[in-house]
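Please examine the structure shown below together with its sequence. A short report on selected features accompanies the display.

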Amino acid sequence: MVLPFFDFLLCFLIPRDILSPMESYELIRSRRKTLALEITKDCRVMVRAPLGLSQAKIDAFVGRHTDWIHTHLEQQRQRMASAPPPPTEADIAALKAKARAILPEKVADWSRKMGVAPTGLKITTARKRYGSCSRKNSLCFSCFLMDCPEEAIDLVVVHELCHIREKNHGPRFYALLGQYLPDYKERKKLLR
Ligand SMILES: [Zn+2]
């Protein structure tokens, strides 16, 4: 979870134990007008409160919402329990090694076919973005792309190379992509 910068400057954390000892909440005060409750992805209870609001009022608010808190905590715990374990450092190192072994050649091959010239190639550990192309035409690929099938890897490579010619995702971009990968829609389904 990301706090807006301004909130972050003003926040301070106080563990509260009006729930059970296992379910204390964290309080973040900031320049806001209302109270808000949140269950974080890692199963913490967060309360956001205005700077001047009394502790008694905040506790009463939490007290009125204990059912909601318990229900949502339990849901989040179940979600966490069924989620696959996060990749270890060794997993990431292996994916990066694979990316370094196969991507430079793929990028070079496709660049030749497409008549484009990327200015750089970097491997990242981004979780939400498989690839990007900078304004200066330097490419980044996430090592997690290596978990996808070959057809999907090619799609991301060609997609980013298309951005050397077309910086946005307009009709000309997709016309170009379709010219090199006519089945790009099918390939997209293979991206996990
Ligand atoms: Zn794009």
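## Basis

The structure is a predicted model.

## Packing of α4 and α5

Two packed helices are described by the angle between their axes and the distance between the axes. For helix α4 (residues 89-114) and helix α5 (residues 150-165), the angle is about 50° and the axes lie 10 Å apart. Angles from 65 to 115 degrees would count as roughly perpendicular and those under 35 degrees as roughly parallel; α4 is therefore oblique to α5. The crossing of α4 with α5 is right-handed.

On the α4 side, the contact is formed by Lys 106, Val 107, Trp 110, Ser 111 and Met 114, which meet Asp 154, Val 157, Val 158 and Leu 161 of α5. By class, the residues of this contact comprise six nonpolar, one polar and two charged.

In soluble globular proteins, nonpolar side chains tend to be buried together. The largest nonpolar core in this model has 19 residues, and those touching the most other members are Ala 99, Phe 141, Leu 145, Val 156 and Val 158. At least two residues of this core come from each of α4, β7 (138-142) and α5. The greatest contribution is that of α5, which supplies seven residues.

Leu 145 has contacts with Ala 99, Tyr 130, Gly 131, Ile 153 and Val 156 when neighbours within four places in sequence are left aside. Another core, of eight residues, lies apart from the largest one; its members include Ile 28, Val 45, Ile 58 and Val 62.

## Loop residues with positive phi

Most residues other than glycine have a negative phi, and most peptide bonds are trans. Cys 43, located in the loop between β3 and β4 (45-50), has a positive phi near 65°. Cys 43 counts as partly exposed because 16 C-beta neighbours lie inside 10 Å.

Asn 137 also has a positive phi, near 70°, and is placed in the loop between β6 (131-133) and β7. With 17 C-beta neighbours inside 10 Å, Asn 137 is classed as partly exposed.

## The loop between β2 and β3

Is Lys 33 buried or exposed? Lys 33 belongs to the loop that connects β2 (25-30) and β3 (36-39). A residue is exposed if 12 or fewer other C-beta atoms lie within 10 Å of its own; Lys 33 has 6 such atoms and is therefore exposed. Between the C-alpha atoms of Lys 33 and Leu 53 the separation is 9.4 Å, although these residues are 20 residues apart along the chain.

Definitions and conventions. Residues are numbered from 1 along each chain as its sequence is written. This is a predicted model: local features need pLDDT of at least 70, side-chain atom pairs count only at pLDDT 80 or more; totals for chains, interfaces and linings use all residues. Axes are lines fitted to C-alpha atoms, for helices over the stretch in contact, and angles run from 0 to 180 degrees between N-to-C directions. Helices (H or I, at least four residues) and strands (E, at least two) are DSSP runs, numbered from the N terminus. Angles under 35 degrees count as roughly parallel, over 145 as roughly antiparallel, 65 to 115 as roughly perpendicular and the rest as oblique. A crossing is left-handed if the near helix is turned anticlockwise from the far one by less than a right angle, and right-handed if clockwise. Two residues are in contact if their C-beta atoms, placed from the backbone, lie within 7 Å. Ala, Val, Leu, Ile, Met, Phe, Trp, Tyr, Cys and Pro count as nonpolar, Asp, Glu, Lys and Arg as charged, and the others, Gly among them, as polar. A nonpolar core is a set of buried Ala, Val, Leu, Ile, Met, Phe, Trp, Tyr and Cys residues joined through C-beta atoms within 7 Å. A residue is buried if 20 or more other C-beta atoms lie within 10 Å of its own, exposed if 12 or fewer, and partly exposed in between; C-beta atoms are placed from the backbone.
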